[in-house]
Amino acid sequence: MGRTWLGKRLADASKQFNEDRTATQKVYFKTDDDGEFVYQADKKTLILKDDYTMDEAQSNFDQLVNEVITIDVSQYSERMKALYQALADYPYELDGQTAEVYAILFDELEKAFGKGDK
């Protein structure tokens, strides 16, 4: 139950980030009449609007990427304890980005629940 709840909150945060990223890009990069991005001939590189520099766009995007996201789990304490225990007992190998996210999440849950309060 806790895993499903947390997964939904993470998916919501990811969706919001993607919406914010697109909105930020539309400030700095050209779009057509349908609101779609206009690309250079390589069909990979966005075209910067005349009023902006790439440094400005990158600075604003860096602020977005470095913004801290907080998910309040205090009202779901029992679910989070159950999630912590499930992650502690997880029997499979993880790799790549999944392993990184697992490590970050497990470390945070361990701070809250790993001190004998299981």
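A: One cut-off first: a residue is called buried under 20% relative accessible area, exposed over 50%, and partly exposed in between. By that rule Lys-8, with a relative accessible area of 47%, is partly exposed. Also keep in mind that this is a predicted model.

Q: OK. What is the chain built from, how many helices and how many strands?

A: The chain has four helices and zero strands. Along the sequence the pattern reads α-α-α-α.

Q: And the overall size, what box do the C-alpha atoms fill?

A: Taken along the principal axes, the box is roughly 60 × 30 × 25 Å.

Q: How does the radius of gyration look next to that of a compact globule?

A: The chain has a radius of gyration of 20 Å, whereas a compact globule of 118 residues would have one near 13 Å.

Q: What share of the residues is buried?

A: Of the 118 residues in the chain, 16% are buried. The chain exposes about 9,100 Å², and carbon and sulfur atoms supply 49% of that area.

Q: What about contacts between residues 24 or more positions apart?

A: Among contacts with a separation of 6 or more, such residues account for 50%.

Q: Changing topic to charges. How many positive and negative side chains are there?

A: There are 15 positive and 24 negative side chains. The centres of the two sets lie 5 Å apart.

Q: How many salt bridges does the structure hold?

A: Two. One joins Lys-8 and Asp-12, with 3.3 Å between the closest N and O atoms. The other is between Lys-111 and Glu-108, at 3.0 Å from N to O.

Q: Where do Lys-8 and Asp-12 lie?

A: Both are in helix α1, which covers residues 2-28. Lys-8 and Asp-12 are four residues apart, about one turn of the helix.

Q: And where do Lys-111 and Glu-108 lie?

A: Lys-111 and Glu-108 are both in helix α4, residues 96-113. They sit three residues apart, again about one turn of the helix.

Q: Is Lys-111 buried or exposed?

A: Lys-111 is exposed, with a relative accessible area of 57%.

Terms used
Residues numbered from 1 in each chain as written. Predicted model: local features only at pLDDT ≥ 70, side-chain atom pairs only at ≥ 80, totals over all residues. Heavy atoms only, no water. Helix = DSSP H or I, 4+ residues; strand = E, 2+ residues; numbered from the N terminus. Rg over C-alpha atoms; globule rule 2.2 N^0.38 Å. Buried < 20%, exposed > 50% of the residue type's maximum accessible area, 1.4 Å probe, protein only. Contact = heavy atoms within 4.5 Å. Areas by Shrake-Rupley, 256 points an atom, 1.4 Å probe, with all protein chains shown as cover. Lys, Arg positive; Asp, Glu negative; His and termini not counted. Charge placed at Lys NZ, Arg CZ, Asp CG, Glu CD. Salt bridge = Lys/Arg side-chain N within 4 Å of Asp/Glu carboxyl O.
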